[in-house]
Amino acid sequence: MNLSLFTSILAITLRAGTSLLYATIGEIYTERSGILNLGVEGMMMVGAVSAFAVAYHTGSLVLAILTALLAGSLLASLHAFLSVSLRANQVVSGLTLTLFGTGLASFLGQRLGPGGARLVGLVGPSLERVRIPLLSDLPLLGPSLFYQDLLTYGLYLLVPAASWFLYKSRPGLYMRAVGENPQTADAMGIRVGANRYVYTILGGALAGLGGAHLSLAYTKGWTENITGGRGWIAVALVIFAMWDPLRAVIGAALFGGINAVQFRMQAAGTTIPAALLNMLPYLATIVVLVIITWWETLQKRIGAPAALGVPYAREEKG
Amino acid sequence: MKIVFEKRQEVSRTIRVLVPVFSLLFALVFGAILLLMSGVNPGTAYAAMAEGAFGDPQSLAETLVKAIPLMLTGLGVSIAFRMLFWNIGAEGQLAMGGLAATGVALYATDYLPGWSILPAAVLLGMLAGALWAAIPALLRAYLQVNETITTLMMNYVAILLVSHVYHGPWRDPDGYGFPGTARFPEVAWLPRIYGRAHAGVFFAIIAAAILWFVLQRTKWGFELRITGENPKAARYIGIDIPKLIVVAMMVSGGLCGLAGVCEVAGVMRRLQQGLTVGYGYTAIIVAWMSQLNPWGVLIIAFLLAGLLVGGDQIQMAMGLPAAMGLVLQGALLFPMLGGSLFAEYKLRVVRPGRQQAVFPEESLAKESES
């Protein structure tokens with residue numbers, strides 16, 4: 001493989017993987033605290049449409065990103081309220097969130113344009129790639145790693161921070177305790193409900209941010225079905241990554257990479273039908289999931305937080 | 001002061017009735033706010049939706065057209081949900097059913113007598129859905145692979161496969177490049193009752209009746225229920241749970257496949273874009289709202305189909321986004337989800353300092369699964 005091809009594939013991989021990685025890390029935190037949120041797709045959708053609408057009308061990318069964070073948080077807090085406070089079925093609640101979010105995003109996309117018109121096809125301000133001097137001149141990886149947009153750079157900070165927080169910090173320990181054994185955590189004086197609220201909402205904010213990357217940087221505009229199932233892939237990536245932020249990078253890179261290779265192969269005019277190439281990420285998820293589950297069973301180690309998806313209610317003490 | 005949940009002595013029937021009513025009101029108010037924000041009179045919009053969905057025989061027929069796949073997929077997923085198998089793959093199973101039926105309709109006419117084409121399409125479509133569902137079922141039953149993700153991923157694979165087939169190998173050679181297969185021969189048409197409403201509705205009613213009977217009156221139905229409610233007890237009494245999972249999922253997938261058959265043979269009469277429009281996902285809501293009761297599935301499917309048709313209507317008549325129907329579905333389901341807790345629990349305000357008697361609560365974990 002020649003060098004420029006490698007650079008271009010790596011660059012596309014990063015760009016395609018950014019939204020996935022934000023959403024995946026968010027969902028890892030949510031699930032680590034014991035809440036399963038299948039609404040990622042819906043939260044990304046609403047994040048994408050709200051970010052683009054704000055960017056279009058105000059011209060401010062900062063405001064756009066903040067709006068996406070807020071929109072994702074709001075939807076996630078609905079899920080948190082239902083699953084933590086009202087102990088509703090998390091699978092159904094998450095699915096509803098996806099349906100609702102997809103519908104709401106599509107509705108807003110047809111209403112938030114100038115004068116209540118459609119957003120589809122409009123061009124707004126977008127996050128441009130910024131070249132980091134010196135670093136981008138590094139051989140091999142430099143040109144692709146250090147010529148990206150700000151949200152991709154944000155990941156370079158978020159990933160190590162997320163990993164450190166999860167394993168080394170005290171709140172991270174509490175989060176894991178709440179997800180693994182809420183009874184014990186509660187007995188130790190950790191507030192189970194509050195923790196679950198915080199990380200569910202944080203997960204939503206990150207999913208919204210992932211959506212913002214799609215409409216502000218990756219697709220540069222709003223289209224119906226902009227996420228194309230990325231929210232669901234993120235849910236699968238959480239399992240792929242075995243609830244670990246660093247391993248999520250590998251997963252997101254793999255999926256982004258398949259996108260990039262596909263893109264390249266289509267550009268090169270391959271005879272393999274596009275539909276079959278498009279199936280690859282989904283087939284890969286299944287295969288990886290089977291291998292991981294099998295491997296985990298062999299190791300007798302469970303990667304999933306033990307209390308994932310199970311509502312917690314303390315015996316009432318009055 | 002603190003607010004706690006206290007388990008009721010018995011499930012409150014009043015609340016069981018009040019929750020859906022309140023949820024409907026909530027959804028309507030929420031929708032009204034959205035409509036007002038887009039400068040439309042909610043009353044006019046709702047009237048147009050109701051009129052468009054249930055107003056005359058023609059609109060009722062259209063509602064039925066959308067209700068049939070929802071009924072069949074709703075029945076399908078409700079079987080899987082009974083044993084807590086989260087089949088989110090109804091959409092893909094529907095697609096595979098439609099694909100298999102298309103194959104029969106287009107390519108079997110040379111080998112099979114005319115009268116047998118439709119039954120063959122139905123059987124093969126159901127088989128295709130069942131086999132597609134068997135893959136995640138086998139993975140879950142024998143390797144403990146999470147079925148939520150596998151069923152979901154297989155949706156994308158199935159949808160891409162179907163779209164590849166009508167864009168490529170099976171595309172109508174005389175279709176002027178239009179993506180879609182040739183029109184089916186008449187022997188492969190599912191008869192229509194009124195408007196576009198077709199005989200698929202009888203499949204749905206028969207399936208509901210069989211399912212109701214099987215669940216209430218047979219040993220298999222009992223095994224299915226007990227496995228969902230209490231897997232430990234099921235294992236004690238010697239139920240082969242892996243086998244049960246696979247068989248139940250194949251029945252589930254078969255029904256979803258049948259929905260696909262109905263779509264291609266009853267509505268479109270060819271395979272083209274529009275086979276997979278999300279019925280398989282709405283089916284999950286249908287199954288949940290009907291509390292897995294087969295007759296309930298039929299009713300809820302019809303009502304939700306009304307919301308979808310109503311959404312289409314206000315798009316055509318008033319230029320409002322059809323997504324309104326989806327938004328209303330979500331706004332309807334959220335309060336229902338939250339409200340179901342209040343049938344079994346009541347809120348009580350507890351003042352600090354006063355010691356209350358402590359009642360050991362039953363494991364909520366178990367209940368949340370049902």
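Predicted model: local features only at pLDDT ≥ 70, side-chain atom pairs only at ≥ 80, totals over all residues.
Q: Which residue forms a salt bridge with Glu128(A)?
A: A salt bridge needs a nitrogen and an oxygen within 4 Å. Here the closest N and O atoms are 3.7 Å apart. The pair links distant parts of the chain, 92 residues apart: Glu128(A) is in the loop between α4 and β1, and its partner is in the loop between α9 and α10 of chain A. That partner is partly exposed, at 38% relative accessible area, and the name is Lys220(A).

Q: How many residues apart in sequence are Glu62(B) and Arg196(B)?
A: Their side chains meet in a salt bridge, 3.0 Å from N to O. Glu62(B) lies in helix α3 of chain B and Arg196(B) in the loop between β2 and β3, so the pair ties together parts separated in sequence by 134 residues.

Q: Of Glu223(B) and Lys219(B), which is exposed?
A: The two side chains meet in a salt bridge, 3.1 Å from N to O. Both residues lie in helix α8 of chain B, 4 residues apart, about one turn of the helix. Glu223(B) has a relative accessible area of 17%, so Glu223(B) is buried. The other residue has 65%, so the exposed one is Lys219(B).

Q: How many disulfides are there over all chains?
A: A disulfide needs two cysteine sulfur atoms within 2.5 Å. The sulfur of Cys256(B) has its closest cysteine sulfur in Cys262(B), 12 Å away, so this pair is too far apart for a bond. Cys256(B) is buried at 0% relative accessibility, and Cys262(B) is buried at 1%. Over all chains, the count of disulfides is 0.

Q: Which side chain of opposite charge is nearest to Asp244(A)?
A: Asp244(A) is found in the loop between α10 and α11 of chain A. Its side chain reaches the backbone nitrogen of Leu246(A) at 2.9 Å. Asp244(A) is buried yet has no salt bridge. At 4.3 Å, the nearest side chain of opposite charge is that of Arg247(A).

Q: How many residues of helix α10 of chain A are buried?
A: Helix α10 spans residues 230-240 and is mostly covered. Among its buried residues are Arg230(A), Trp232(A) and Phe240(A).

Q: How far apart in space are Gly210(A) and Leu151(A), C-alpha to C-alpha?
A: Gly210(A) sits in helix α9 of chain A. At 0% relative accessibility, Gly210(A) counts as buried. Beyond its neighbours within four places in sequence, Gly210(A) is in contact with Ser19(A), Tyr22(A) and Met44(A). Gly210(A) and Leu151(A) are 59 residues apart in sequence, and their C-alpha distance is 8.8 Å.

Q: Which helix gives the most residues to the side of chain A that touches chain B?
A: The contact takes 48 residues from chain A and 53 from chain B. The buried area is about 4800 Å², with 79% from carbon and sulfur atoms. On the side of chain A, α3, α4, α10 and α12 each supply at least two residues. With 12 residues, the helix that gives the most is α4(A).

Conventions:
Residues numbered from 1 in each chain as written. Chains lettered and ligands numbered in written order. Heavy atoms only, no water. Buried < 20%, exposed > 50% of the residue type's maximum accessible area, 1.4 Å probe, protein only. Lys, Arg positive; Asp, Glu negative; His and termini not counted. Polar contact = N/O pair within 3.5 Å; in protein donor to acceptor, adjacent residues only side chain to side chain. Contact = heavy atoms within 4.5 Å. Buried area = accessible area lost by both parts, 1.4 Å probe.
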